[in-house]
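Here is a quick walk through one structure, written for someone who would rather look at residues than read tables. Keep the 3D view open as you go.

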Amino acid sequence: MHRTPASLGVWLIVMLLVILHQDDWFWENSTLVFGIVPIGLFYHACLSLAAAFTWFLATRYAWPLSESESRGDAA
Amino acid sequence: MTSAMVIAGYLGLLLTLGVTSNRLFSGSGKDFQLATHSIGPFMLLMSLFGTTMTAFALIGSTGEAWQNGIGVYGKMASSSGIVHSLCFFLLGVKLWKFGHQYGYATQIEFFRDRLDSPKIGLVLFPILVSMVIVYLLAGILGAGTVVNVFTSGAFPNIFTGDPAVPPSVGAIPNWLGSLIICAVVLIYVFFGGMRGTAWANTFQTLAFLILGLITFFVIARSLGAGSVLENMREVSAQVQDRWTTRAGVSKSVFLTYMLIPLSVGMFPHIFQHWLTAKDANTFKLSVIVHPIFILLVWGPCIMLGIWATTDTAQTLVPALARLNHNAPGDQNKVLPILVKGLSGELLGGFLAAGVLAAIMSSLDSQFLCVGTMFTNDIAKPYFTKDGKLTDQQTVFLTRTFIILVVVVTYCLSLLDPKAVFGLGVWCFSGFSSLFPLIFASLYWRRLTRLGAYASIIAAGGAWCWYFWQALQADGPLSEYLIKIPMGTTEVEIMPVAAMIVVSTLALVAGSLASKPLPQQTVGKFFP
């Protein structure tokens, strides 16, 4: 793992995602977003999108292999 | 009859795909087991997603939302979006590198080298294979049920069924449905090997993603006289708070449930798919898009599940009102009843094809991986003189073991062991409890043989202990929780949390109490 400030930032975001997953704040809230989706479900759907974005950052800034290792040149 | 024809057409397409992929088969063992590391980003994404999603993603999620509300998304879906990609990223990429470099096809081959312990397979093999077989049995039984439900009334002259249970009249019986699905999967895995499996998985994942979304919109359109959006607003407004909140969900259970998706890190069939990647960069698309695909499949199903509790849905589809929230198994009927009631036979057939796609895209990889494990981890080291097999022998043995595994698991499914459905979460917990081992083997050079064995034994011991406790307790096996006294109250947690703590402690203690592995062994993995 190549440790850089950017990769550290990515791992902090991953930890934040795990914390945000335990959303105490919408637990018993029955508001419907756009009149359709319960807010608890909407929040977790957004969390899925945030996870995808975080993993995009991870592949860019915290990729565990060098370019030659990624291509399998070492084999 | 229309549904049965759609299902037959779908299975026919799948067979054609599997047999066609055989034209690209080079004849080598590496090609049969790993498609010669030729799978690109899109097919890897589809294979991994299809393999991790089972019928539960469609039918189970709808039923669970109908039973307990929206909490199932956070508990199982958004957590998987974070944790599965974490496993692909942290474990998959590195394991691909070592697998590509040193020629591994199974986890045990990797552990043998990493720990310099030829015997570790004797401990890990029975644990991994028995847990995969539970998973396989659930898939085979589930497939039989899906074929039975969706062909109801199609063949009244051939299958008389039980007149006391009207849906069974004219339906393909469960045993025959399971047999057909096993035969189809066996044929395309037998001929196509890993390439056939990856092609079939890509096709099947597209099928259940697209058919799931179409089903959602067709049902939403049928729920009222207005536009799709107006219908959705109208019916959502009728859903009671019990289903739109997580009022009945324990926060500590919700938290510890997040450890279940770690099982992906130790699934042997996922390991094998990781090794099919063309290069490590191939993983990037899977890592990023996996959470979005989970949202696309689970989100609509959960909305359908909570809508099924409303007066509007129950008036339009009276069979929904007859379902009982306390009757075991009724929740799995919600989606098929909704589809049949609101969209007709044709879409019913397509949905059945989608559900079968989700089941088969897991079954094929599991059959292939068990066949590969028998060949590489048992036959090669213990039944050859020099630990080597020719390409021909590898392909022959892998195919033979695949047939044996299909036959044995199909015969076991005839015993109708419905208890396997309750074992699902236990099976996943078992794989998760081995997560510390795979993680430490990649990121902690101080891991030793003693630490690894201690971790496996501790995980197995903890699993047996809690399973025994669950058998003694009242209630379904899948709902057993550990209760920890906290002052005047009790905190409930999933058994998987305790298993992971125990296996991690044993791993660390065992490693620190023993001599580090020589640099010659560790240096291959930590240069």
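## Chain A: a spread-out chain

First, a caveat: this is a predicted model. Chain A has three helices and two strands, and reading from the N terminus they come in the order α-β-β-α-α. Its radius of gyration is 17 Å, while the globule rule gives 11 Å for 75 residues, so chain A is more spread out than a compact globule. The box around its C-alpha atoms tells you about the outline: roughly 55 × 20 × 15 Å along the principal axes.

How much of chain A is buried? Of its 75 residues, 44% count as buried. Chain A exposes about 3900 Å², with carbon and sulfur atoms supplying 69% of that area. If you take the contacts in chain A between residues at least 6 apart in sequence, 59% of them join residues at least 24 apart.

Nonpolar side chains tend to be buried together in soluble globular proteins. Here, the largest nonpolar core has 194 residues, and B:F110, B:W298 and B:W307 have the most contacts inside it. Helix α16 of chain B, residues 334-382, gives the largest share of this core, with 22 residues.

Setting aside neighbours within four places in sequence, B:W298 is in contact with B:M53, B:F56, B:A57, B:S61, B:V72, B:Y73, B:M76 and B:A77.

## A helix wrapped up by its neighbours

Now find helix α4 of chain B, residues 59-68. Nine of its ten residues are buried, so the helix is largely enclosed by the rest of the structure. Which elements do the covering?

B:L335 counts as buried, at 2% relative accessibility. Beyond its neighbours within four places in sequence, B:L335 is in contact with B:L58, B:I59, B:T62, B:L304 and B:L351. For a sense of scale, B:L335 and B:Q519 are 184 residues apart in sequence and 56 Å apart in space, C-alpha to C-alpha.

## Charged pairs, within and between chains

Side chains of opposite charge can pair when their charged atoms come close. How many salt bridges does a search of the whole structure find? Over all chains, there are eight.

One of them is formed by B:K251 and A:D24, whose closest N and O atoms are 2.6 Å apart. B:K251 is in helix α11 (residues 251-257) of chain B, and A:D24 is in the loop between α1 (5-21) and β1 (32-33) of chain A, so this pair joins two chains. B:K251 is partly exposed, with a relative accessible area of 37%, and A:D24 is partly exposed too, at 46%.

A:R71 and A:E67 also meet in a salt bridge, at 3.7 Å from N to O. Both lie in helix α3 (residues 67-71) of chain A, four residues apart, or about one turn of the helix. Then there's B:K524 with B:D113, at 2.9 Å from N to O. That pair links distant parts of the chain, 411 residues apart: B:K524 is in the segment after α22 (519-522) of chain B, and B:D113 is in helix α6 (residues 107-114) of chain B. B:K524 is partly exposed, at 31% relative accessible area, and B:D113 is partly exposed as well, at 29%.

B:F42, B:L206, B:I210, B:I214 and B:L285 make a nonpolar surface patch of about 400 Å². Helix α8 of chain B, residues 174-222, supplies the largest share of the patch, with three residues. B:L285 sits in helix α13 (residues 283-307) of chain B, and B:L285 is partly exposed, with a relative accessible area of 34%.

Conventions
Residues numbered from 1 in each chain as written. Chains lettered and ligands numbered in written order. Predicted model: local features only at pLDDT ≥ 70, side-chain atom pairs only at ≥ 80, totals over all residues. Heavy atoms only, no water. Rg over C-alpha atoms; globule rule 2.2 N^0.38 Å. Buried < 20%, exposed > 50% of the residue type's maximum accessible area, 1.4 Å probe, protein only. Contact = heavy atoms within 4.5 Å. Areas by Shrake-Rupley, 256 points an atom, 1.4 Å probe, with all protein chains shown as cover. Patch = residues over 30% accessible without salt bridge, like charges linked within 9 Å, V, L, I, M, F, W, Y side chains within 5 Å. Salt bridge = Lys/Arg side-chain N within 4 Å of Asp/Glu carboxyl O. Core = buried A, V, L, I, M, F, W, Y, C linked by side-chain atoms within 4.5 Å.
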